[in-house]
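Work through the exercises below with the sequence and the 3D structure at hand. Each task is followed by a solution in steps.

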Amino acid sequence: MPLLGIERSLTWLTHSQSHGIIQIFGWAGLFVMGLAYHVVPRIFNRPIQYPVPQQLSMWLVILGLLLRFTGQSLYTLPIAGLFLIVAGILLFIAMFVFTWTLYGVIRYSASKSGPAEIWLVTGVIWSVLSGAIHLVIMFRMAMHGEPIAHPPWNEALIHVAIFGFITSFIFGLSVKAIRGFLLLKPPHERMNRLSLVLLQIGLVMVVVGRFGELGQVVAPVGLILSSVGAGMFVVALRLFEPASKSVHRIPIGYLRYHWYVRLGFSWLLLGCVMLILIALDEIGLTNMVAVQVSLPVIHVLTLGFVTNLIFGAASRFIPIFEGADIRYPHLMNVAFVLLTISIVIRLAFGFSISEIGERALGISGASGFIGIILFSIMIFQVMTQSARDAYSKRVAAIGRVKLEMNRDAPLVKF
Ligand code: HEM
C-alpha cells in the first residue's frame with residue numbers, strides 16, 4: 001500500500017492482523033500439522049488414526065482462516081461479527097482435533113520424555129491453547145464490534161502461536177530428524193530441558209501478563225525468559241559444531257537444505273536478542289530500541305526463522321516421504337537468496353518510517369513473495385508421478401550398478 005501511495009489506515013491494520021494469523025496458522029501451522037501427523041507416530045512408535053482427523057483439521061483451518069480474513073477485512077458487513085465468531089470456533093475445533101489425534105498417539109507410548117518427545121508434547125498442548133486464545137479474541141471483537149483485535153491479547157496470541165505451537169514442533173523435529181540428517185553430535189540434554197522449561201514459564205507469563213493487563217513487568221519478563229530459552233536450544237542442538245561422522249547415503253531432496261536450517265536458526269538467535277532488548281525497554285531499564293523495531297522482529301522470527309526452516313525441512317523431507325526427485329533444485333538456490341534479501345531489507349528499513357524505507361519494504365515484500373512462489377513450484381513438482389518415476393529409475397540404476405560390482409568382486413575363501 002505505501003509503495004502505491006495509498007495511506008496506511010484502519011484497512012492497513014485489519015489486513016496486517018488477519019495476514020499475521022493466516023500466515024501463522026495457514027502457512028506455518030498447516031505445514032507443521034502435516035509434518036506432525038506424519039512424523040509423531042514414527043517418533044512415539046504408535047499408530048495414528050487416519051484419514052478423518054487429518055482432512056477434518058485441514059479443512060477447518062482453511063475455512064476458519066477464510067472467515068477470519070473476510071470478517072476482519074470487510075468489517076463493515078453486518079455479518080462480519082458472525083464470521084469472526086464462526087472463524088474462532090472452527091479454528092479452535094481444528095486445533096482440538098489435531099491435539100486429540102496426537103494425544104491418542106502419545107498417550108500409549110512408552111517413551112514420552114526423550115529430548116525430542118518433550119518438545120512435541122508441549123507443541124501439542126500449545127497448539128490447542130493457541131486455538132483457544134484466538135477464539136477468545138474473536139468473541140471479544142464480535143461482541144464489542146471492534147475491527148481490530150485487542151493489541152495486548154493479539155500480541156500474546158502471536159507469541160504463543162510462534163514460540164509455543166510452531167517453534168516447539170520445529171525444535172522437536174530438529175532434535176530428532178534434522179540432527180540425524182546433519183549428523184550433529186548428541187544434544188546437550190540438560191540444556192535442552194532447561195530451554196524447554198524457560199520457554200514454558202516465559203510463555204505463561206506473557207499470556208497472564210497481557211490478558212491480565214498486569215503492567216510493564218510480567219509479560220516483558222516472560223518475553224525475556226522465552227527468548228533466553230529459545231536461544232539456549234540452539235546451543236543445546238550443537239547446530240554450529242562440526243558433524244560427528246560422515247555416512248554414505250543415496251542423495252535425495254534438496255542437498256543444500258542445511259543452508260536454510262543454519263541461517264534460520266541464526267535469524268532465531270537475532271530475533272531473540274531483539275525481543276530481549278524490546279522487553280528491557282518496556283520494563284523501563286533501557287531505552288535502546290525504536291518502537292518500529294517490534295514489527296521487523298516479527299518477520300525476523302517468522303520469515304527468517306520459521307520460513308527458512310519450513311523451506312529447508314520441506315525440501316529435504318517431502319522428497320523422502322514421496323520417494324521423488326527434485327527436478328529444479330536451482331529454484332531453491334534462488335529462493336534462498338530472495339528470502340534473505342527480503343528479511344535483510346525489512347530489518348534495515350524497519351527501524352524508522354521514511355519514504356525510501358516504504359519503497360524498500362515494498363521491494364522486500366515482492367522479493368519474499370517470489371521466493372515463496374519458487375519454493376511452491378519446487379514442492380508441487382515433487383508431488384507428481386513423474387518426480388516419483390524419476391527417483392525410482394535413478395535408484396534402480398544405482399542398485400543395478402551395485403549388483404554388477406558385487407558380481408564382479410572376487411569371492412573370498414576362508
Ligand atoms: C513476503 C512475505 C511477507 C510480507 C510482505 C509481510 C508483510 C507484513 C506487513 C506489511 C505487516 C504489517 C506490519 C508491518 O508493517 O510490519 C505484517 C505483519 C505481520 N506478519 Fe507478515 N509478511 C510476510 C510474511 C509473513 C510470514 C511468513 C509470517 C508468519 C509465518 C508473517 C506474520 C506476520 C505477523 C504475525 C504480523 C503481525 C500482525 C499483527 O500485528 O497482528 N508474515 N506482515
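**Exercise 1.** At what angle do helix α1 and helix α5 pack, and how far apart are their axes?

*Solution.* The model is predicted, so local features need pLDDT of at least 70 and side-chain atom pairs count only at pLDDT 80 or more, while totals for chains, interfaces and linings use all residues. Residues are numbered from 1 along each chain as its sequence is written, and side-chain values use heavy atoms, with hydrogens and water left out.

Step 1. Locate the helices: α1 covers residues 10–44 and α5 covers residues 151–182. Helices here are DSSP runs of H or I with at least four residues, numbered from the N terminus.

Step 2. The packing angle is about 30°, and the axes are 10 Å apart. Axes are lines fitted to C-alpha atoms, for helices over the stretch in contact, and angles run from 0 to 180 degrees between N-to-C directions.

Step 3. The angle therefore makes α1 roughly parallel to α5 (angles under 35 degrees count as roughly parallel, over 145 as roughly antiparallel).

Step 4. The contact of α1 with α5 has 19 nonpolar, 3 polar and 1 charged residues (Ala, Val, Leu, Ile, Met, Phe, Trp, Tyr, Cys and Pro count as nonpolar, Asp, Glu, Lys and Arg as charged, and the others, Gly among them, as polar).

**Exercise 2.** Where is the kink in α1 centred?

*Solution.* Step 1. The kink is centred on G29 and amounts to about 40°; the bend at a residue is the angle between axes fitted to the seven residues ending there and the seven starting there.

Step 2. Go on to the end of the helix: just after α1, N45 has a positive phi of about 55°.

**Exercise 3.** How do the axes of α2 and α3 cross?

*Solution.* Step 1. Helix α2 spans residues 52–73 and helix α3 spans residues 80–107.

Step 2. Their axes come within 8 Å and cross at roughly 155°, which means that α2 is roughly antiparallel to α3.

Step 3. The contact of α2 with α3 comprises 18 nonpolar, 6 polar and 1 charged residues.

**Exercise 4.** Which residues are closest to the ligand?

*Solution.* Step 1. The closest are S16, H19, N154, H299 and R346, out of 20 residues that surround the ligand (a residue counts if one of its heavy atoms lies within 4 Å).

Step 2. A nitrogen atom of the ligand is 2.7 Å from an N or O atom in the side chain of H19. For N154, a side-chain N or O atom is 2.7 Å from an oxygen atom of the ligand.

Step 3. Helix α1 gives the largest share of the shell, 8 residues.

Methods: Helix = DSSP H or I, 4+ residues; strand = E, 2+ residues; numbered from the N terminus. Parallel < 35°, antiparallel > 145°, perpendicular 65-115°, else oblique. Polar contact = N/O pair within 3.5 Å; in protein donor to acceptor, adjacent residues only side chain to side chain.
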